[in-house]
Amino acid sequence: MKKLTALLLAVLTLASCTADTEIDIAENLETFRDVFTEETEAGETILPYIPPEDSASVTGIIAQDFTIQDGKYYFELKHAFGTGGGVRMLAYADVATGNYGIVCQDHLCPHTSSKVCKYADLSYHCFTDKPGVYYAVRMEIPMYLCRVDLNQDIVENIHELDFFGWDMLGYTDGRMYFYESEYMTVDQKTTCIPHIFYVDDNTREIIEIEQPSGDWIYTNTSPRFVWNGNFYIFTDKKIVKTTPTYDNPEVIADLGMEIEQWYMDTGTGELYFSCTNPNTLTGSVYVVKDCIEPEKVNLPHENIYTFTLNADRIYYTVYDPVFMGISGQSFFKKEGEEDRKSCDYTGGKLYAVDRDNPSVAEEMVYEVSGIPLDKALRLESSVVVGDYLYVDEINVLREVRNGQEYISFDYARDVSKIRVGLKDGSFTRISFD
């Protein structure tokens with residue numbers, strides 16, 4: 001397999017890297033630079049786009065971290081036009097043709113802010129069953145829930161949201177569900193009470209759903225997502241399926257572990273999810289079929305870190321920490337030696353197995369090297385569409401203070417999407433500027 005000129009960096013937060021032995025930071029920083037980086041820019045290699053043989057293999061998946069709708073993969077980009085934070089913009093890549101662009105089609109629009117571009121700084125997108133129509137949140141103060149119609153070039157404010165405690169849950173049967181949290185303090189104890197609403201997509205009317213009384217076991221817990229007319233609630237390390245009126249709740253998973261990523265295959269009704277432990281660097285993937293007791297997916301590795309899937313394959317990374325540098329946060333607050341380390345937990349490798357036969361020997365579909373020190377790719381943002389891997393590219397900031405180099409990761413300003421051809425080695429940068 002051809003090596004590609006990019007380094008997949010998974011958790012690019014300032015989280016610590018767990019290790020059993022002491023690691024000399026300076027020594028390992030040199031090792032990281034020698035082995036995993038080059039000082040030259042990872043250039044674009046654009047080749048003719050190869051559409052997937054079966055377009056159905058990349059549709060019909062509901063997830064918390066990507067959207068494929070209307071034959072397009074939608075994703076968010078950022079660009080800093082000045083000295084402040086980056087402006088958000090929804091972009092897309094056409095699954096059939098590979099063409100890509102941003103949703104604002106006005107070529108004279110500067111896109112510098114929502115004052116001049118109605119599509120700027122919209123986030124948390126939830127698509128309806130109408131092509132080109134979705135809900136989003138205006139990330140400003142005041143904060144608004146908006147309805148976007150790309151066909152009519154219209155963005156309308158639907159509801160003003162509280163700045164804290166809200167989320168969109170999903171769209172089903174002509175209704176877009178969301179919640180807002182109410183915080184109540186009694187006897188110095190603060191309780192968060194979620195209020196569940198839906199927007200009638202035809203009338204734009206907002207209706208609050210009456211929740212069960214306080215003696216119901218899942219009171220004050222908001223659903224994680226909505227599908228096929230049902231709420232899916234993740235609470236107390238369980239997954240509960242119930243109706244929007246909370247009738248007949250059914251526990252479909254109870255593993256005693258915190259649930260991380262999840263994917264619902266709307267074609268098969270299978271719910272995949274992962275449970276990981278960052279302290280022991282272990283994790284597993286599970287699947288619930290027909291709401292029967294979950295099964296562990298027998299992958300070739302035991303220490304699963306992150307995963308994604310389509311109709312045919314499961315793509316995953318394993319815990320394989322690579323030291324990157326000293327956390328910039330540690331300059332401002334006192335931390336232990338381990339807390340000072342920033343790591344790429346994936347080791348720069350992506351594996352794949354067939355969904356129907358996952359225990360068979362895996363294929364390492366992406367082994368990476370050769371990215372400049374001021375860039376990083378986030379493997380945790382990866383999505384595989386056909387034979388192409390999409391990952392976020394952000395800037396890496398390296399600063400020397402008192403003779404010591406510190407590293408931090410810039411999520412606030414420029415975020416591009418990199419499309420990597422898993423078969424042809426192409427490397428395409430999709431930027432919003």
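**Strands and salt bridges**

Q: How many bridges join strand 14 to strand 15, and how do the two run?
A: Strand 14, residues 189–200, is joined to strand 15 by 3 bridges, and the two run antiparallel. Keep in mind that this is a predicted model.

Q: Which residue of strand 15 does Val199 stand opposite?
A: Val199 has Ile206 across from it in strand 15.

Q: What sheet do 4 strands form here, and in what order?
A: An open one, with the strands in the order 12-13-14-15 and antiparallel pairing. Strand 12 (166–172) and strand 15 (206–208) are at the edges with a single partner strand each, so one side of each has no neighbour in the sheet.

Q: And by how many degrees are neighbouring strands of this sheet turned against each other on average?
A: By 30 degrees, ignoring direction.

Q: OK, switching to charges. What's the count of salt bridges?
A: The count comes to 21 salt bridges. One of them is between the side chains of Lys130 and Asp201, at 2.6 Å from N to O.

Q: Where do Lys130 and Asp201 sit in the chain?
A: In distant parts of the chain, 71 residues apart. Lys130 is in the loop between strand 8 (122–127) and strand 9 (133–138), while Asp201 is in the loop between strand 14 and strand 15.

Q: Is Asp201 buried or exposed?
A: Asp201 counts as buried, because its relative accessibility is 2% and the cut-off for buried is under 20%. Lys130 is at 28%, so Lys130 counts as partly exposed.

Q: Which residues are linked with Lys130 and Asp201 in a network of salt bridges?
A: Asp129, Arg147, Glu156 and Arg204 are linked with Lys130 and Asp201 in that network.

Q: What about Glu363, which side chain does that meet in a salt bridge?
A: Glu363 meets Arg313, at 3.0 Å from N to O. Glu363 lies in strand 29 (residues 363–369) and Arg313 in strand 25 (residues 313–318), so this pair ties together parts 50 residues apart in sequence. As for accessibility, Glu363 is partly exposed, with a relative accessible area of 40%.

Q: One more: what's the N to O distance for Glu399 and Arg401?
A: It's 3.0 Å, and their side chains meet in a salt bridge.

Q: Is Arg401 buried or exposed?
A: Arg401 is buried, with a relative accessible area of 18%. Glu399 counts as partly exposed, at 38% relative accessibility.

How values were computed: Residues numbered from 1 in each chain as written. Predicted model: local features only at pLDDT ≥ 70, side-chain atom pairs only at ≥ 80, totals over all residues. Heavy atoms only, no water. Pairing = 2+ DSSP bridges. Axes fitted to C-alpha atoms, helices over the stretch in contact; angles between N-to-C directions. Salt bridge = Lys/Arg side-chain N within 4 Å of Asp/Glu carboxyl O. Buried < 20%, exposed > 50% of the residue type's maximum accessible area, 1.4 Å probe, protein only.
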